[in-house]
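Trainee: I should like to learn how to read a helix, a sheet and a core in a model of this kind. May we take them in turn?

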Amino acid sequence: MQPWYINAVFYQLYLRAFNDSDNDGHGDFTGLRQRLDYLEWLGVDCVWIMPMYRSPLRDDGYDISSFYGIHPTYGVLEDFQMTVEEMHRRGLRVIVDMVVNHTSDQHPWFQEARRSKDSPMRDFYVWSDTDEKYREARIIFLDTEPSNWTFDPLTGQYYWHRFFSHQPDLNYDNPKVRQAMLDIFKFWLEMGIDGFRVDAVPYLYEREGTDCENLPETHEFLKELRRFVDEHYPGRLLLAEANQWPHDLLPYFGNGDEFQMCFHFPVMPRLYMALARQDRSSVVQIMADTPPIPESCQWATFLRNHDELTLEMVTPEDREYMWDTYAADRRYRINLGIRRRLAPLMDNDRRKIELMNSLLFTLPGAPVLYYGDEIGMGDDVTLPDRNGVRTPMQWIDDPSAGFSTSASPYSPIISDAVYGYHQVNVQSQQLDPNSLLHTIHRMIATRKTLPVLAKAPLDWLHELPLSSMCFWRRSSEGAVLALHNLSEEPLAVRLPDGTTFTDALNPDGGPCQGEITLGAYGYRWLVPSS
């Protein structure tokens, strides 16, 4: 029997943005429980909850000031426990974010470490008398950080950080740090969660003369973490966030003894590139460059998330093309990426939004949806950093969007004429059987009936024009012929002679055989019926 995550549909949920039960302007666990009917109806299998720990919230919770307990605006630990239990009662699984690379500079560990060079916590972090060490390590947040080192005047040394300067990196050369992290994983696994999305895993160790990424010592600790989880909590999931090339990701699966899942970052920007250029070549190439992974492992695929649409894994020329195409307004550019949601990236063209989702659901991997993209939510370029893609969920046509009646929510609710709550909300789309939400609901339901889509090999129809992205997915579990037209021009596809197909997304539409035509940005999921 396959592990549960192989053919699961994941839903990334920003708790702060989802539903506010006490009207303090912040979403919370009680509010999430009030919306579980919706998630159950949508049909997702597993909810990924972004960081909910105590934090100054300078980086939306990825700056953790205590790994134990819940941020007070979200509730208390019992709220979390009740939420997990209620989700399990409904057949939903839940994974939570865990940041292993760094803490907030407000964490008691760091506050104690910076007090004195003789502090017993000093070696929980990476210190140096100079900022010249590890020069070959790239700077990730190019727009905000001039260096990976920041000077601490309290002790006259520099501390190391791969992300924001208020997020000092932990020192994994210290066995006490490694044990502390295992203890943290144990604490949350005891709460009954189904696993973790583990943040920023390539950067745990530093070594001179390297880029300080993907080091052997990192994999040694991650295998230790996996052994600990398997021994004490079998069946729980570890999903790696590692923005790397496919071959560099292969060690994170190990021999099926490290992570069960990794995000496939490089395929994501190439889907947007293929659509813009009306040319599938970049996607075909990156999938050909994706190595086989252990049978018990799976890729996590996605279109958007809470961060920028990263362009790290494309050539400089392709990056400029993507910026010019999808972020001509330079306000939408950040670091090496684009801070926009899916619908605005598609110019709110319903055909393109559906096409991209169809590719997400039919290419290999387990799809991950980002909250609000299922209704076509927009973004707010006036907000700093990546906050513009982290605005409140739009539930109803009301100035509060059904999110909160607070006069000052943590973020403005989008209210413009195109993406505002008047036009884009869950309630109106649930009432409209032809809405985007119902289309995504149908894709999820259909995907569950086609387990072949999870792991089956990808067999391209190379004879068709480059403006098509058409492929077979075939295995002992069945076959699906997925057809996609990347162009405004109609696309004629000759089906195999003697074979009759059923359109899995529209089974009442009658049999398909001979030749069919896809309209502009059209797509079909065809299943052989004879």
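Trainee: Which exposed residues does the face of α4 turned away from its buried side carry?

Mentor: An α-helix has 3.6 residues a turn, so residues three or four places apart point the same way. In α4, the face turned away from the buried side carries the exposed residues Glu85 and Arg89. Buried means under 20% relative accessible area, exposed over 50%, and partly exposed in between (1.4 Å probe, protein chains only). Helices (H or I, at least four residues) and strands (E, at least two) are DSSP runs, numbered from the N terminus. This is a predicted model, in which local features need pLDDT of at least 70 and side-chain atom pairs count only at pLDDT 80 or more, whereas totals for chains, interfaces and linings use all residues. Residues are numbered from 1 along each chain as its sequence is written, and side-chain values use heavy atoms, with hydrogens and water left out.

Trainee: Which residues of α4 are buried?

Mentor: Asp79, Phe80, Thr83, Val84, Glu86 and Met87 are the buried residues of α4. They lie on the same side of α4 because they cover an arc of only 165° around the axis, the arc being that of the directions from the helix axis to the C-beta atoms. The cover over these buried residues includes α2 (29-34), α3 (36-42), β2 (46-49), β3 (93-99) and α6 (175-189).

Trainee: What span should α4 have?

Mentor: The expected span of a helix is 1.5 Å times one less than its number of residues. Helix α4 (residues 77-89) has 13 residues and should therefore span 18 Å; its end C-alpha atoms are 19 Å apart, which agrees. Just after α4, Gly91 takes a positive phi of about 85°.

Trainee: Which hand does the β-α-β unit of β2, α4 and β3 have?

Mentor: A crossover is right-handed if, with the strands pointing away from the viewer, the path from the first strand over the helix to the second runs clockwise. The unit made by β2, α4 and β3 is right-handed.

Trainee: Which residues touch the most other members of the largest nonpolar core?

Mentor: A nonpolar core is a set of buried Ala, Val, Leu, Ile, Met, Phe, Trp, Tyr and Cys residues joined through side-chain atoms within 4.5 Å. The largest core has 162 residues, and Phe10, Tyr11, Trp188 and Tyr272 touch the most other members. Helix α6 gives the most to this core, with eight residues. A second, separate core of 15 residues includes Leu481, Leu483, Val493 and Ile516.

Trainee: How many residues of α9 are buried?

Mentor: Helix α9 (residues 267-277) is mostly covered, with nine of its eleven residues buried. Among them are Arg270 and Tyr272. Just after α9, Gln278 takes a positive phi of about 55°.

Terms used
Contact means heavy atoms within 4.5 Å.
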